[in-house]
Amino acid sequence: MNWKSLGRALRWLGPISVLLAGLWVLVPVRAQSGSAAPSTQRETSTPYTGDLSIFDAPGRDERLQINRVMDMLGIEPGKNVADIGAGSGWFTVRAARRVTGSGTVYAVDINPVAIQYIAQREKKEQLQNIKTILSKPDDPQLPADSIDAVLLLKTYHEVVHPVVLLRNLRPSLKLGAKIGIIDRNGNGADHGVSKDVVVREAAQAGYELRDSKDFVKADGVDYFLIFTLKPD
């Protein structure tokens, strides 16, 4: 091939080579953009805003075996406990009696009506070791390095950004703190969430599963999970 023929060939290939180069550039950009896209948000249930007294139905202590739950979370005199999604304060007052005056229970809720309800209950039941916190949906706003045990009782399925919430919980935890989650299997929108989903989200937030029990309510649907922070 002479120089004149070679020149004609290069001029003919020029547009094609530019097109191929453009396609090569576009493919990695699209792949990168796709990998950065946020994952689909799982369904959650609308937080309860009705009559709070329903949580104090007779026999609930026995059905949930709440004393056994507190034993497993290490809730005892002198400990500091966080009740996240405290609602009526049903668990708050039981934990407050368990930790005695040398411990503190933080009643955390995003509903101001619930916070007022618990404050009134605290006075009525003459408990001096309860502190209420009107929190943000994804931040319990607990004091740093203060908490020995946490319980989310039938609350986790209502949390819209559970991984964020659990990450924001971490600074408040003392060394060896236990985080308990009691919920029921479901699809997120039916006031329940799959146990496997909870374990996966907790792992993303830096926690590891330490125990899994199904004795709460003994209905084959409810579960009790215990997590601790992953070691650094």
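Student: What covers the buried residues of α6?

Tutor: In this predicted model, the cover includes β1 (80-84), β4 (147-153), β5, α7 (195-204) and β6 (207-213).

Student: And which residues are buried in helix α6?

Tutor: Pro-162, Val-163, Leu-165, Leu-166 and Leu-169 are buried there, in a helix that spans residues 162-169. Looking down the axis of α6, you find these buried residues within an arc of 160°, so they line one face of the helix.

Student: OK, on to α7. What are its buried residues?

Tutor: Val-197, Val-198, Glu-201 and Ala-202. Their arc around the axis is only 130°, which puts them on the same side of α7.

Student: What do they pack against?

Tutor: The buried residues of α7 pack against α6, β5, β6 and β7. Just after α7 there's also Gly-206, with a positive phi of about 100°.

Student: You mentioned β5. Where does Ile-181 sit, and is it buried or exposed?

Tutor: Ile-181 belongs to strand β5, residues 173-184. Its relative accessibility is 1%, so it counts as buried.

Student: Which residues does Ile-181 touch?

Tutor: Leaving out residues up to four places away in sequence, Ile-181 touches Leu-151, Leu-152, Tyr-156, Val-198, Tyr-223, Phe-224, Leu-225 and Phe-227. Val-198 is one of the buried residues of α7.

Student: Now β7. Is Asp-222 buried or exposed?

Tutor: Asp-222 counts as buried because its relative accessibility is 3%, under the 20% cut-off. Asp-222 is in strand β7, which covers residues 222-229.

Student: What does the side chain of Asp-222 make a polar contact with?

Tutor: The side chain of Lys-154, at 2.7 Å. Setting aside neighbours within four places in sequence, Asp-222 is in contact with Lys-154, Asp-183, Arg-184, Asp-214, Val-216 and Lys-217.

Student: Switching to rings: how many aromatic pairs are there?

Tutor: The count is one. Phe-215 and Phe-224 have ring centres 5.9 Å apart and planes at 80°, so this pair is edge-to-face. Both residues are buried.

Student: Which residue lies over the face of Phe-215?

Tutor: Arg-68, at 3.9 Å from the ring centre. Elsewhere, Arg-60 lies over the face of Trp-90, at 4.5 Å from the ring centre.

Student: Zooming out, how many helices and strands does the protein have?

Tutor: Seven helices and seven strands. From the N terminus, the elements run α-α-α-β-α-β-α-β-β-α-β-α-β-β. The protein has 232 residues, and 41% count as buried. Among contacts between residues at least 6 apart in sequence, 72% join residues at least 24 apart.

Student: What's the mean pLDDT?

Tutor: It's 84, with 83% of the residues at 70 or more. Residues 1-40 have pLDDT below 50, and beyond near neighbours in sequence that stretch has one contact in the model.

Methods:
Residues are numbered from 1 along each chain as its sequence is written. Side-chain values use heavy atoms; hydrogens and water are left out. Helices (H or I, at least four residues) and strands (E, at least two) are DSSP runs, numbered from the N terminus. Buried means under 20% relative accessible area, exposed over 50%, partly exposed in between (1.4 Å probe, protein chains only). Contact means heavy atoms within 4.5 Å. A polar contact is a pair of N or O atoms within 3.5 Å; within protein, one must be able to donate a hydrogen and the other to accept it, and residues adjacent in sequence count only if both atoms are side-chain atoms. Rings of Phe, Tyr and Trp (its six-membered ring) pair if their centres lie within 6.5 Å; planes under 30 degrees apart count as stacked, over 60 as edge-to-face and the rest as tilted. A charge sits over a ring if NZ of Lys or CZ of Arg is within 6 Å of the ring centre and within 35 degrees of the ring normal. The arc is that of the directions from the helix axis to the C-beta atoms. pLDDT is the predictor's confidence in each residue, from 0 to 100.
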